[in-house]
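Please take a look at the model below, and let us walk through it together.

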Amino acid sequence: MDKNVKLYVVVPCYNEEEVLHETSKQMLELFAQMQSEELISSASRIVFVDDGSKDKTWSIINSLTKEHTEIAGIKLARNAGHQNALFAGLMTVKEDCDCAISIDADLQDDIHVIPDMVKHYIEGYDVVYGVRNKRDTDTFFKRTTAVGFYKLMQLMGVNIVFNHADYRLMSKKALDGLSQFHERNMFLRGMVPLVGYRSTSVYYDRNERFAGESKYPLKKMLSFAFDGITSFSISPIRMISAFGAIVCVIAVIMAVYALVQKIIGHTNAGWASLMMSIWFIGGVQLLSVGLIGEYIGKLYKEVKRRPRYIIEAYVNEREADE
């Protein structure tokens with residue numbers, strides 16, 4: 001593997017006007033250091049992807065492309081969501097780079113392990129995962145739910161890297177493999193391991209967000225987790241079937257028990273137990289129908305084959321000079 005790697009760093013952005021200047025500053029300093037060490041080539045780029053932001057994110061990205069030839073910008077026509085924005089950036093740059101690194105704009109992921117990622121690429125790894133050492137900066141609730149999510153995904157047979165988000169390096173070969181996944185329900189943490197190829201991990205401590213607010217409040221986090229589970233596992237459907245079988249067995253046992261009690265004359269008024277049973281079974285049925293509906297909804301989205309994203313503009317150093 002040759003040195004002087006042509007590296008592209010893809011940074012999805014949604015309302016990140018408060019952090020963009022600092023993020024670009026730190027990334028440019030890191031690029032200068034890696035170029036001086038002849039680790040990456042001068043053709044390497046930092047690509048900010050504006051995911052339909054409502055603030056000044058795009059105007060800042062546009063101005064940065066004019067000030068620095070190392071920076072490029074992609075503007076999506078509308079908000080497509082974090083996963084789609086990230087995928088859009090990766091698919092746009094894959095023909096121009098040797099490898100690409102995806103990272104969020106908030107500087108929580110330690111950019112100083114990027115040289116280690118590139119070194120692993122030079123050693124022959126096609127995928128390098130950025131994995132958190134610990135979750136001390138998270139609240140107790142977020143830490144507990146995050147660990148529970150990863151364990152649940154693994155329990156359901158999903159090949160997912162523990163404590164890894166979307167901070168990773170992928171070679172051009174791995175990006176070509178990822179491009180063959182055509183589903184609209186994007187969950188890259190589960191998709192990338194399915195690509196295969198040789199992989200390894202680098203470990204880092206996660207920082208506090210530099211500025212602004214998290215774009216993943218509890219509601220979005222739960223929705224993202226549920227999408228991940230239902231996109232990569234049919235275990236919930238099988239669990240419903242198993243639970244239904246168990247309830248049927250219990251129902252038969254209770255029917256036999258009720259018949260025996262009737263014969264021996266020990267029957268009593270059981271309004272409370274009857275109502276509890278009705279409400280319980282009714283709740284299970286509604287939950288089951290809702291879960292099945294979630295899978296049907298995903299099929300509905302897939303068969304329509306609507307585009308995951310639409311790129312409105314791609315600004316690089318050549319366009320900025322015109």
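C99 has a relative accessibility of 0%, so it counts as buried (buried means under 20% relative accessible area, exposed over 50% and partly exposed in between, with a 1.4 Å probe and protein chains only). This is a predicted model, in which local features need pLDDT of at least 70 and side-chain atom pairs count only at pLDDT 80 or more, while totals for chains, interfaces and linings use all residues. Residues are numbered from 1 along each chain as its sequence is written, and side-chain values use heavy atoms, with hydrogens and water left out.

Let us stay with the cysteines for a moment. The structure holds zero disulfides, a disulfide being a pair of cysteine sulfur atoms within 2.5 Å. C99 is in no disulfide, and the nearest cysteine sulfur, that of C97, lies 6.5 Å away. C13, with 1% relative accessibility, is buried as well.

Now for the interior. In soluble globular proteins, nonpolar side chains tend to be buried together. Here the largest nonpolar core has 39 residues, and L7, F48, I114 and V118 touch the most other members. Such a core is a set of buried Ala, Val, Leu, Ile, Met, Phe, Trp, Tyr and Cys residues joined through side-chain atoms within 4.5 Å. At least two residues of this core come from each of β1 (7–13), α1 (20–36), β2 (45–50), α2 (57–67), β4 (99–102), α4 (114–122), β6 (164–171) and β7 (199–204); helices (H or I, at least four residues) and strands (E, at least two) are DSSP runs, numbered from the N terminus. The largest share, six residues, is supplied by α1. A second, separate core of 31 residues includes V10, A100, M186 and V192.

β2 pairs with β1 in the parallel sense over six bridges (two strands pair if DSSP finds at least two bridges between them), and V10 stands opposite V47. The chain crosses from β1 through α1 to β2 in a right-handed β-α-β crossover. Right-handed here means that, with the strands pointing away from the viewer, the path from the first strand over the helix to the second runs clockwise.

β2 also pairs in the parallel sense with β3 (residues 71–76), over five bridges, and F48 stands opposite G73 in that strand. Together, β2, α2 and β3 make a right-handed β-α-β unit.

What does F48 touch? Not counting residues up to four places away in sequence, its contacts include V11, C13, L20, T23, I61, L64 and I74, where contact means heavy atoms within 4.5 Å. Beyond four places in sequence, L20 touches C13, F48, T57, I60, I61 and L64. L20 and I61 are 41 residues apart in sequence, yet 7.7 Å apart in space, C-alpha to C-alpha.

Finally, turn to helix α7 (residues 188–195). Seven of its eight residues are buried, so α7 is largely enclosed by the rest of the structure. The buried ones are L188, R189, G190, M191, V192, P193 and V195. Just after α7, G196 takes a positive phi of about 90°.
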